[in-house]
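Q: Can we go through this model piece by piece? I'd like plain answers, with the cut-offs spelled out.

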Amino acid sequence: MACRNESRTIHADVLLCLCLCSAVWGGPMKWTHFTIADPLPANAWGTGGSPLADYDGDGDLDVVISRRQTKTAYWFERKNDATWVRHVMGQAEGLAKTLGSAALDINEDGLLDVVLTGVWFENPGGLADNPDKPWPAHDFPGGAHDIVAADLNGDGRLDIVTYHGKVVSWFDPAHDMKQTDVGQGEENHGGIAPNGVADLDGDGDLDIVIPAYWFENPGKGTGQWPRHAWPHKAVPKAMYGTSMRSWVVDLNSDGHQDIVYSDCDTGWSHVYWVENLGKGADWKRRQLADPPTAPGDVPETGSFHSLGIADFDGDGNLDIFAGEQEDPDAGYDGRLGMKPKGLKERGVIWLGSGGPQPTFTPVVIHTDNPGWHDATLGDVDGDGDIDIVTKVWNKDGAAYHADYWRNDTPR
């Protein structure tokens, strides 16, 4: 079956709806685009976030985004699909360097707090009645390109895992943000977000993935974390060094947690499935097919700075989403830019066939601006399927913005 694209205008806040079909699934995929914010505050690059969570307790998902130029974090209250209201969370010096983020209940008061670089914001509660209440800011010595929430010590509470450069660290909210350094990789730009923490060796605790290595949890997160190799393939001459988005999941339902990763922070990126053949000791790497290029568009790929795995089309099989970031950075000193000149960013879903050796067929759900940077998955509209929220890091269009794609695929 040939794939087709169809677009239509809904109203000012809804830019387009794309209907696509694939050879491995009989019905159409349908996505409707809404604008969360356009423009975002400030006019320079640097946008952190964007964790999806119900911050005001009204039963739907809101989103948090920070901006480096203003050193301010904002939360966007969802009123409906087309209306999101911006509120100031607070300011902090650490937000001048922010990128990674996570939502978790740090102080065990039943409310979701937000961690960003060098600071966590305490949910004040009562936001449904007073959404402009300030969020108390607390400094902590962590945060970087990647921040992930995971229970590393098995105490039933989420901890904070960070990575940027060489050192992987985790911070224990139950013990005044006590820092434990897990180990070192190479000089990487990022690698554990959005979901690079899982039980790779099947011993019941959570391990951590970075480019080329994974760290074995010794139990309860303390002690020596043995470092093991896995067959990561990097993009040569990447502008900011090796960087990836990672998602650990049992992709073929064989009981072993596999690694799915996308190259990022460089053009000519790819998406890979690295199959865990048993206890993280043996692996098989497969490169997924690059997304198709429309006639007349520039070929090759950009920086896949968004990655997520879910059953997007409702057929019971896991699919893989990756999005190319909107970014005009052209590279320098022989290093690659964020994309080949003139390339139009794409949001792509590789539809999975299921089974012990699944195949993945790329379907482009959106082309050109708005692009994708650290997209977050969640059921935003509460209809039981998975939607996508994202934002822009370094605009190559008219403004900095945040965006929401509603999954309207028939079930």
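**Chat notes**

A: Asp 172 lies in strand 13, residues 165-172. Strands here are DSSP runs of E of at least two residues, numbered from the N terminus. This is a predicted model, in which local features need pLDDT of at least 70 and side-chain atom pairs count only at pLDDT 80 or more, while totals for chains, interfaces and linings use all residues. Residues are numbered from 1 along each chain as its sequence is written, and side-chain values use heavy atoms, with hydrogens and water left out.

Q: Which side chain of opposite charge is nearest to Asp 172?
A: That is Arg 157, 6.1 Å away. Asp 172 is buried but has no salt bridge. Buried means under 20% relative accessible area, exposed over 50% and partly exposed in between, with a 1.4 Å probe and protein chains only. A salt bridge needs a side-chain nitrogen of Lys or Arg within 4 Å of a carboxyl oxygen of Asp or Glu. For charge, Lys and Arg count as positive and Asp and Glu as negative; His and the chain ends are not counted.

Q: Which backbone nitrogen does the side chain of Asp 172 reach?
A: The backbone nitrogen of Ala 174, at 2.9 Å.

Q: And what is Asp 172 in contact with, leaving aside neighbours within four places in sequence?
A: Asn 153, Asp 155, Asp 159, Met 177 and Lys 178. Contact means heavy atoms within 4.5 Å.

Q: Back to Arg 157. Is Arg 157 buried or exposed?
A: Arg 157 is buried, at 17% relative accessible area.

Q: Which side chain does Arg 157 meet in a salt bridge?
A: Glu 108, at 3.2 Å, N to O. Arg 157 sits in the loop between strand 11 (146-150) and strand 12 (159-163), and Glu 108 in the loop between strand 7 and strand 8 (113-116), so the pair ties together parts 49 residues apart in sequence. Glu 108 counts as exposed, at 52% relative accessibility.

Q: How many salt bridges does the count come to?
A: By that rule, 14. One of them joins the side chains of Glu 93 and Lys 71 at 3.0 Å, N to O. Glu 93 is in the loop between strand 6 (83-91) and strand 7 (102-104) and Lys 71 in the loop between strand 4 and strand 5, so this pair ties together parts 22 residues apart in sequence. Glu 93 is exposed at 59%, and Lys 71 is partly exposed at 30%.

Q: What about Glu 77: which side chain is its salt-bridge partner?
A: Lys 79, again with an N to O distance of 3.0 Å. Glu 77 counts as buried, at 6% relative accessibility.

Q: New topic. How many residues does the largest nonpolar core have?
A: It has 18, and those with the most contacts inside it are Ile 36, Val 63 and Phe 76. A nonpolar core is a set of buried Ala, Val, Leu, Ile, Met, Phe, Trp, Tyr and Cys residues joined through side-chain atoms within 4.5 Å.

Q: Which strands each supply at least two residues of this core?
A: Strand 2 (25-37), strand 4 (62-67), strand 5 (72-80) and strand 30 (402-407). Strand 2 gives the most, with three residues.

Q: What does Phe 76 touch, not counting residues up to four places away in sequence?
A: Ile 36, Ala 37, Leu 40, Asp 62, Val 63, Ile 65, Trp 84, Val 85 and Arg 86.

Q: How many bridges join strand 20 to strand 21?
A: Six, and the two strands run antiparallel, with strand 20 spanning residues 244-249. Val 249 stands opposite Asp 258. Strand 21 also pairs with strand 22 (residues 271-276), in the antiparallel sense over four bridges. Tyr 261 has Tyr 272 as its bridge partner there. Two strands pair if DSSP finds at least two bridges between them.

Q: Last one: where is Asp 282?
A: In the loop between strand 22 and strand 23 (283-287). Asp 282 counts as partly exposed, at 43% relative accessibility. Not counting residues up to four places away in sequence, Asp 282 touches Glu 275, Asn 276 and Leu 277.

Methods
A polar contact is a pair of N or O atoms within 3.5 Å; within protein, one must be able to donate a hydrogen and the other to accept it, and residues adjacent in sequence count only if both atoms are side-chain atoms.
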